[in-house]
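These are my notebook entries on one structure. I wrote down what I looked up, entry by entry.

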Amino acid sequence: MPIGDMLLRSVDDSQINTVFPNTFNEYKKWDKKKDELPPEEVYKALFEELAYGEKIQVGRALTRMNYSKSGWKSLIKKTSREIKKIVKKNEFPDSYKNFLIETNEKWADPTYWYAVGQMVNTKTPIYYYNAIDRTYDENQNVVQQIENRRVYVQTWIKTFKVSVYVTFFCLILGFPVAHLLANLPLRYSNLLMIFVLLPFWTSLLVRTTAWIIMLQQNGVINGILVWLGVISEDGRIQMVYNETGTLIAMTQILLPFMILPLYSVMRVIPKSHMRAAQNLGAKPALAFWKVYLPQTIPGMSAGGLLVFVLAIGYFITPELVGGKDGKLIGSWIAYHLKTTLNWGLCAALGAILLGIMLVFYWLYNKIVGIDNIKLG
Amino acid sequence: MALPSYATPVQRTYYYTYLFFCAVVFFFLVAPLMAIIPISFSVSPFMVFTDEMLTWPPDPDAWSLRWYKNMIGNCSADVVSSTVPCSDKWVTGTINSFFIGFVATFIATALGTLAALGLSRPHMPYKGLIMAILISPMIVPLIITAAGMFFFYARINLVYSFTGIILAHVALATPFVVITVTATLVGFDMNMVKASQSLGAKPLRTFFKIIMPLILPGVISGALFAFITSFDEVVIVMFMASLDQLTIPKQMWAGIRQEISPVILCMATCLVVLSIFLLTTVELLRRRSEKLRGITAR
C-alpha cells in the first residue's frame with residue numbers, strides 16, 4: 001500500500017493544477033501555430049489566480065514550475081507582488097496581457113509559456129525522464145539534460161558497477177569458506193559458523209563504524225602498514241570516503257548473505273561424488289570443475305542474487321563510508337526526500353529501483369523459491 | 001577433511017593455500033568488530049591504538065572507562081573532553097530503542113506466527129503469492145520502503161509519531177518471524193492437532209497446549225530476529241522520527257556523520273555484546289528445536 005502510493009506520486013502532477021485551473025484551461029485553447037504568445041484570456045486567468053490564490057499552495061506550485069524551467073519562481077513572485085498592489089487599490093488593467101508584460105518583459109518570452117505545456121496534465125512522466133537525465137525542450141521533445149546537470153545516469157551506472165563488484169568479491173571470498181564449513185565435522189563447523197553469523201547479527205552501523213576506524217588515514221590498517229614498513233608515515237593511503245572504502249565495507253557486510261545459501265547447498269552434496277570422479281581417473285581440478293561446481297550453481301545463484309539485490313539498494317554504508325564519489329542511487333532518493341523535497345523525482349527514482357528489484361526478485365523466486373530462504 | 005597421507009606436494013600446497021585463504025576471510029569478517037572493542041576503552045579521544053596501549057605489561061594510564069561514563073550521561077570533569085559532547089542523548093536513545101523494539105517485536109511475532117500457521121496448511125489458496133508479499137519487505141531496499149511509508153504516512157498523519165515508527169518496524173520484522181516459524185512447522189505433525197480435537201479440546205486450547213509448546217523455539221528465535229531488525233533499523237527512523245525521538249541507531253548515524261567520537265565505539269561494543277548474546281540464544285534454540293523434532297543435527 002505505501003509502495004503503491006509512492007508509485008502514484010511519481011507521476012502525480014495535480015497539485016499545480018489545483019492552483020492554476022483556469023489558466024491551464026485557457027492555455028489548452030492556445031493555438032501555438034497562429035499566435036506567438038498566448039491570448040489575452042490566459043493572462044487574465046493567471047492574473048486572477050495569482051491575485052486570489054492561497055499563498056502556501058502557490059508557493060508549492062512555484063517549486064514545481066521551477067523544475068520545468070528555472071526562473072519561473074522569481075518571475076511569478078515578482079509579478080504577484082505587483083498584482084497584489086494594484087488589486088488592493090481596486091484598479092484593474094484594461095489589458096492583462098500588456099500589464100503583465102509591462103511588469104516583467106519575460107512574460108513576452110514564449111519559452112516560459114512552452115514550459116507550462118509540461119504541467120497542464122495531471123499525470124506526467126517528467127520525473128521519470130528527470131531520473132534518467134532527460135528533460136523537455138521548448139517543443140515538448142524529450143532531450144538530454146544540459147551537461148552539468150546530468151548526474152543520475154552516472155549514478156545508476158555506478159550503482160550497478162559497485163553491486164556487480166561486491167557480488168563478485170563475495171562469491172570469490174565466500175565460496176572457499178562455505179566449502180570448508182560444509183566439509184568440516186559438525187563440531188568444528190558450528191564453531192567456525194559463529195565467525196559468519198556474528199557479523200550477520202551485529203548492527204549495520206556498528207560494522208560501518210568499525211570499517212571507518214579500520215580504514216581511515218590514521219586508522220588500524222594504515223597503522224599496521226606503516227609499522228611493517230610497507231608505506232611511509234606520510235604515504236598513508238586514503239581508503240575511506242571513496243569508492244574503495246564502500247567496496248570493502250559492503251563486501252564484508254554482505255558476505256554472510258553469500259556464505260549461508262552456498263553452505264546450505266554444499267552440505268547436501270555427497271562427498272562420494274568427488275571420490276567417484278577421481279576414482280574414474282579425473283584429476284582433482286577436473287573433478288572439481290566437472291562434478292562439484294555444477295552442483296553448487298543453485299547456491300551460487302541464490303547467494304549472488306541476494307547479495308546483488310541487497311547491494312543495489314544499499315544506502316547507509318555508501319552514504320557514510322562513500323564520501324562524495326561513493327554515493328549510490330539510494331543516497332539520491334534520501335536526498336530528494338529529506339533535503340530538496342522534490343518528492344516526485346524521489347518517487348520516480350524509487351520506482352525505477354523497485355522495478356529492477358522486482359525483476360531480480362522474480363528471478364530469485366524462479367531459481368530458489370522464495371520460501372526456501374533460511375536464516376542462521 | 002584432512003589430507004590423505006598419499007597427497008602429492010602440489011596437493012598439499014593447494015590445501016594449505018586454501019586453508020590460509022579461509023582463515024583470511026574469517027579474519028576479514030570478524031576483525032573490524034574486534035578492533036573497536038579495545039579502542040573504546042582508550043583514554044585518548046582519537047580512536048587509534050596509541051603506543052601506550054600496545055605496551056606489555058598493560059599501562060593502566062592508557063585505559064579508562066571515561067567514554068562509557070560519558071555514554072550513560074555522567075558529565076563530570078574527568079570524563080568530558082573538549083572534542084566530545086556530553087549529554088543524556090544516549091540514555092534516551094537506548095530507552096526509546098528498547099521501547100520501540102519490544103512493542104514492534106510483540107506485534108510482529110503475533111502476526112507472523114499466525115501467518116505462518118495459516119500458510120503451512122496444505123490447502124491454503126494463493127500460498128505463493130501471499131508468501132511473496134509477506135517476505136517482500138525483506139528484499140525491497142529499505143530506502144524504498146522508507147520513502148513509500150513516508151509518503152503514505154504523510155497522508156494519514158502518522159509521520160513523527162511512535163505509532164508510525166512501530167507500525168513500520170512491524171512490517172519489516174514480520175517476514176523474519178514468518179520464515180523461522182514456517183521452518184519449525186516443517187516437521188510438525190498435523191495429526192497431533194486432530195488427536196487433541198478428537199479428545200475434545202477446543203481450537204484455542206489446542207493452540208496453546210499442543211501447537212504453541214512445539215513451535216515455541218521457532219517463535220522465540222523469530223522474535224529475536226524481529227527485535228534485532230527493529231533495534232538496528234535506522235533508515236525509517238531517520239525519515240519518520242521527529243528530533244526528540246532518538247534511538248540508538250539514529251544517534252549513531254548522527255555521530256558518524258559529524259565526527260566519530262569514542263562514545264560511539266562504546267555503544268558499538270555494547271551492541272556487539274548484545275548480538276553475541278542473541279546469536280547464542282538463537283543457536284541453542286535451533287538445536288533444541290531439532291532435538292524436539294527428532295531431526296539429528298543439520
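I began with handedness: a crossing is left-handed if the near helix is turned anticlockwise from the far one by less than a right angle, and right-handed if clockwise. The model is predicted, and local features need pLDDT of at least 70, side-chain atom pairs count only at pLDDT 80 or more, while totals for chains, interfaces and linings use all residues. Residues are numbered from 1 along each chain as its sequence is written, and chains are lettered from A and ligands numbered from 1 in the order in which they are written.

**Entry 1: the chains**

I looked up the elements of each chain, where helices (H or I, at least four residues) and strands (E, at least two) are DSSP runs, numbered from the N terminus. Chain A has 19 helices and 2 strands. Chain B has 11 helices and 0 strands, and its elements run α-α-α-α-α-α-α-α-α-α-α from the N terminus.

Next I looked up burial. A residue is buried if 20 or more other C-beta atoms lie within 10 Å of its own, exposed if 12 or fewer, and partly exposed in between, with C-beta atoms placed from the backbone. In chain A, buried residues make up 40% of the 376 residues. In chain B, 39% of the 298 residues count as buried.

For contacts I used this rule: two residues are in contact if their C-beta atoms, placed from the backbone, lie within 7 Å. Among the contacts in chain A between residues at least 6 apart in sequence, 70% join residues at least 24 apart. For chain B, with a separation of 6 or more, residues 24 or more positions apart account for 71% of the contacts.

**Entry 2**

Two packed helices are described by the angle between their axes and the distance between the axes. Axes are lines fitted to C-alpha atoms, for helices over the stretch in contact, and angles run from 0 to 180 degrees between N-to-C directions.

I took helix α15 (residues 272–279) and helix α16 (residues 284–312) of chain A, whose axes come within 9 Å and cross at roughly 130°. That angle makes α15(A) oblique to α16(A); angles under 35 degrees count as roughly parallel, over 145 as roughly antiparallel, 65 to 115 as roughly perpendicular and the rest as oblique. The crossing of α15(A) and α16(A) is right-handed. On the α15(A) side the contact is made by H273(A), M274(A), A277(A) and Q278(A), and on the α16(A) side by P284(A), A287(A), K290(A), V291(A) and Y292(A).

I sorted these by class: Ala, Val, Leu, Ile, Met, Phe, Trp, Tyr, Cys and Pro count as nonpolar, Asp, Glu, Lys and Arg as charged, and the others, Gly among them, as polar. The contact of α15(A) with α16(A) has 6 nonpolar, 2 polar and 1 charged residues.

**Entry 3: where chain A touches chain B**

I counted the contact between the chains: 64 residues come from chain A and 60 residues from chain B. Helix α12 (residues 204–215) of chain A gives the largest share of the chain A side, 10 residues. The chain A side divides into 45 nonpolar, 13 polar and 6 charged residues.

Then I checked helix α11 (residues 186–201) of chain A against helix α1 (residues 9–40) of chain B; their axes come within 9 Å and cross at roughly 50°. They are therefore oblique to each other, and the crossing of α11(A) and α1(B) is left-handed. Here L192(A), F195(A), V196(A), L198(A) and P199(A) meet F26(B), L29(B), V30(B) and L33(B).

Among the residues in contact are W211(A) of α12(A) and I36(B) of α1(B). The contact divides into 9 nonpolar, 1 polar and 1 charged.

**Entry 4: the core**

A nonpolar core is a set of buried Ala, Val, Leu, Ile, Met, Phe, Trp, Tyr and Cys residues joined through C-beta atoms within 7 Å. Which residues touch the most other members of the largest nonpolar core? Of its 145 residues, they are L254(A), V307(A), A311(A), A147(B) and M267(B). Helix α14 (residues 243–267) of chain A gives the most to this core, with 14 residues.

**Entry 5: one residue of chain B**

T94(B) lies in helix α3 (residues 89–119) of chain B. It counts as partly exposed, with 18 C-beta neighbours inside 10 Å. The C-alpha atoms of T94(B) and I248(B) are 5.6 Å apart, though the two are separated by 154 residues along the chain.
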